[in-house]
Amino acid sequence: MSAAIEANNLTKSYKKTSVLKGVSFEVEKGTIFALLGANGAGKTTTINILTTLLGADDGTAKVNGHDVAKEAGKVRQSISLTGQFAAIDEVLTGRENLVLIGELRHVDNPEHIAEQLLQQFGLADAADRRTATYSGGMRRRLDIAMSLIGNPSIIFFDEPTTGLDPESRNAMWETIQSLADSGTTVFLTTQYLEEADKLADKVAILAKGQIVAEGTAKELKKLVPGSTITLTFANSEQLQAAAKLLGQYKITANTKALSLAVMTDGSLSHVAHIFSLLESENVSVAEFSQKVPTLDDVFFKIINDHKEATS
């Protein structure tokens with residue numbers, strides 16, 4: 001599969017502050033790529049370079065096969081950008097905003113396209129209201145609808161769900177996934193690790209201007225070894241017996257909850273061995289749960305490791 005986006009050794013500084021320090025990655029066509037990072041990591045700077053809003057100090061980037069520095073016009077023709085804040089005209093109605101963008105992009109029958117998008121994004125009932133009266137979620141949906149006009153092959157989302165309530169966030173996730181399902185390439189920056197875990201085909205973690213990890217969510221989770229199982233018992237006697245039997249493991253007892261947290265290597269055989277030990281001494285487990293590493297765990301481990309390595 002060919003690359004829709006290629007970044008090679010991008011660097012950018014503002015006066016004496018180095019924001020990007022040799023950022024490189026590729027995004028395959030028709031996939032969702034998530035760039036994770038804390039505030040100030042360089043996510044928005046990266047997206048601004050890729051969308052021709054900002055020039056890099058060094059390095060190269062191609063979007064849809066076009067050099068962002070030398071062929072900026074061609075890049076802009078094939079992309080759309082939804083920034084952190086909805087870029088809508090509050091004096092106009094929702095319908096008028098969509099029609100205006102359609103006219104600016106020279107699409108056929110912009111009124112028909114506007115009507116289709118208003119229906120698709122659940123804005124038909126508010127179509128003829130001024131957007132100054134729209135809620136945050138409605139503004140965000142309209143902003144994305146505007147970005148779809150002209151059928152761009154690549155869409156950049158810069159923290160698209162920041163400030164949205166859970167219902168609006170879930171709706172946004174469904175929209176982003178449907179875009180990728182239809183063949184659109186999606187480049188997403190986010191601080192919400194659950195968002196990247198749910199949506200992204202590939203994830204890159206940006207820390208202090210450098211890509212410090214890259215891969216699928218599943219691959220990145222393997223960077224945090226093991227998992228924790230929590231065993232809950234019917235009484236304190238059973239809890240104490242279990243703690244004695246499992247003394248060879250790293251365990252944490254909670255006498256109030258009558259539970260025991262046991263670190264494992266994450267394998268089924270390891271968990272089975274723990275239950276076998278308990279069963280051999282007639283120790284009964286009332287409840288059992290397992291916590292596997294999440295992207296949150298991966299993110300914090302990688303960021304902390306990077307801090308230690310660069311301090």
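With a relative accessibility of 13%, Thr 52 counts as buried, a word that here means under 20% relative accessible area, while exposed means over 50% and partly exposed lies in between (1.4 Å probe, protein chains only). The model is predicted, so that local features need pLDDT of at least 70 and side-chain atom pairs count only at pLDDT 80 or more, whereas totals for chains, interfaces and linings use all residues. Residues are numbered from 1 along each chain as its sequence is written, and side-chain values use heavy atoms, with hydrogens and water left out.

Thr 52 is found in the loop between helix H1 (43-50) and strand E4 (58-63), where helices (H or I, at least four residues) and strands (E, at least two) are DSSP runs numbered from the N terminus. Placed just after H1, Thr 52 takes a positive phi of about 70 degrees. Leaving aside residues up to four places away in sequence, Thr 52 touches Val 68, Ala 72, Val 75 and Arg 76, contact being heavy atoms within 4.5 Å.

Lys 15, although not a glycine, has a positive phi of about 55 degrees and sits in the loop between strand E1 (3-14) and strand E2 (17-28); with a relative accessible area of 85%, Lys 15 is exposed. Leu 258, likewise not a glycine, has a positive phi of about 55 degrees and lies in the loop between strand E12 (251-254) and strand E13 (259-264).

We turn now to the helices. The axes of helix H3 (residues 94-104) and helix H5 (residues 136-148) come within 9 Å and cross at roughly 20 degrees, the axes being lines fitted to C-alpha atoms, for helices over the stretch in contact, and the angles running from 0 to 180 degrees between N-to-C directions. That makes H3 roughly parallel to H5, as angles under 35 degrees count as roughly parallel, over 145 as roughly antiparallel, 65 to 115 as roughly perpendicular and the rest as oblique. From H3, Gly 94, Asn 97, Leu 98 and Ile 101 meet Leu 142, Ala 145 and Met 146 of H5. The residues of this contact of H3 with H5 divide into 5 nonpolar, 2 polar and no charged, where Ala, Val, Leu, Ile, Met, Phe, Trp, Tyr, Cys and Pro count as nonpolar, Asp, Glu, Lys and Arg as charged, and the others, Gly among them, as polar.

H5 also packs with helix H6 (residues 166-181), at an angle of about 10 degrees and with the axes 10 Å apart, which makes H5 roughly parallel to H6. Gly 137, Arg 140, Ile 144 and Leu 148 of H5 make this contact with Ser 168, Met 172, Thr 175 and Leu 179 of H6.

In soluble globular proteins, nonpolar side chains tend to be buried together. A nonpolar core is a set of buried Ala, Val, Leu, Ile, Met, Phe, Trp, Tyr and Cys residues joined through side-chain atoms within 4.5 Å. Of the 49 residues in the largest such core, Leu 98, Phe 157, Ile 176 and Ile 205 touch the most other members, and H5 gives the most to this core, with 6 residues. Apart from it lies another core, of 25 residues, among them Ile 5, Val 23, Ala 41 and Leu 206.
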